[in-house]
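Reader: I would like to go through this model term by term. Please set each value against its definition.

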Amino acid sequence: MTDIEDTILRLRNDPVLFVEQVIGAKPQRWQAEALRAISKHDKVAIKSGHGVGKTAFESWVALWWLLTHYPCKAAITANTAHQLNDVLWTEIDKWARKLPAGFKDLLEFKSDKISLKGATDSFAVARTSRRENPEALKR
Ligand SMILES: Nc1ncnc2c1ncn2[C@@H]1O[C@H](COP(=O)(O)OP(=O)(O)O)[C@@H](O)[C@H]1O
Ligand SMILES: [Mg+2]
């Protein structure tokens with residue numbers, strides 16, 4: 001195994017390490033616990049209040065998943081277009097700017113999609129889930 005493969009594998013298994021060493025943020029205790037839960041379980045539900053760091057957490061998960069799980073087809077959603085585009089997508093952008101060039105340069109950013117450069121099969125897309133259009137998430 002090459003050093004790079006070994007590093008990616010360690011980051012894939014340890015999202016807290018990814019957030020601390022690659023993004024350069026210090027997760028709060030609940031954020032670290034939630035990151036570990038996400039890496040172990042398929043479904044994670046978190047009960048939480050306002051302004052505690054949910055959107056930052058979601059942004060870290062999106063960047064971690066995209067950079068350590070290939071191929072990745074992730075639908076990122078929120079209950080309103082405002083939450084998705086103005087809040088969550090902006091927050092993803094905020095943390096993505098902190099990535100070291102070696103990681104940031106692997107990604108291509110559009111207003112509703114982040115792709116792994118040169119790969120058609122690895123991306124995260126922004127999709128609102130609306131009651132009147134539940135099919136939107138399947139595309
Ligand atoms: N662990 C952290 N380290 C640094 N900044 C953080 C951290 N968690 C959250 N933030 C920042 O604090 C602010 C509020 O967090 P946010 O994720 O928007 O909270 P919520 O979505 O729960 O309302 C945002 O600017 C976010 O980037
Ligand atoms: Mg939020």
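Reader: Which element gives the most to the shell around ligand 1?

Author: Helix α4 does, with 4 residues. The model is predicted: local features need pLDDT of at least 70, side-chain atom pairs count only at pLDDT 80 or more, and totals for chains, interfaces and linings use all residues. Residues are numbered from 1 along each chain as its sequence is written, chains are lettered from A and ligands numbered from 1 in the order in which they are written, and side-chain values use heavy atoms, with hydrogens and water left out.

Reader: What makes a residue part of the surroundings of ligand 1?

Author: One of its heavy atoms must lie within 4 Å of the ligand. For ligand 1, 14 residues surround it, and the closest are K54, T55, A56, E91 and K94. By class, the shell has 5 nonpolar, 5 polar and 4 charged residues. Here nonpolar means Ala, Val, Leu, Ile, Met, Phe, Trp, Tyr, Cys and Pro; charged means Asp, Glu, Lys and Arg; the others, Gly among them, are polar.

Reader: How do you know that T55 makes a polar contact with ligand 1?

Author: A polar contact is a pair of N or O atoms within 3.5 Å; within protein, one must be able to donate a hydrogen and the other to accept it, and residues adjacent in sequence count only if both atoms are side-chain atoms. An N or O atom in the T55 side chain is 2.7 Å from an oxygen atom of ligand 1. That is within 3.5 Å, so the pair qualifies. A polar backbone atom of A56 lies 2.8 Å from a ligand 1 oxygen. For a backbone N or O atom of G51, the distance to a ligand 1 oxygen is 2.9 Å.

Reader: How much of ligand 1 does the protein cover?

Author: The protein covers 67% of the 560 Å² of accessible area that ligand 1 has on its own. Areas come from the Shrake-Rupley method with a 1.4 Å probe.

Reader: Which elements give two or more residues to that shell?

Author: They are α4 (54-68) and α5 (81-96). Helices are DSSP runs of H or I with at least four residues, strands are runs of E with at least two, and both are numbered from the N terminus.

Reader: Why is S59 called buried?

Author: Buried means under 20% relative accessible area, exposed means over 50%, and partly exposed lies in between (1.4 Å probe, protein chains only). S59 has 0%, so it is buried. It sits in helix α4. Beyond four places in sequence, S59 touches L88, E91, I92 and W95 (contact: heavy atoms within 4.5 Å).

Reader: What makes T68 buried?

Author: Its relative accessible area is 5%, therefore T68 is buried. T68 also belongs to α4. A polar atom of its side chain lies 2.6 Å from the backbone oxygen of W64. Setting aside neighbours within four places in sequence, T68 is in contact with I8, L11, R12 and F18.

Reader: Which residues of the largest nonpolar core touch the most other members?

Author: Of its 36 residues, F18, L63 and L99 do. Such a core is a set of buried Ala, Val, Leu, Ile, Met, Phe, Trp, Tyr and Cys residues joined through side-chain atoms within 4.5 Å. The largest share, 9 residues, comes from α4.

Reader: Why does A126 count as buried?

Author: A126 has 8% relative accessibility, so it counts as buried. A126 is in strand β4.
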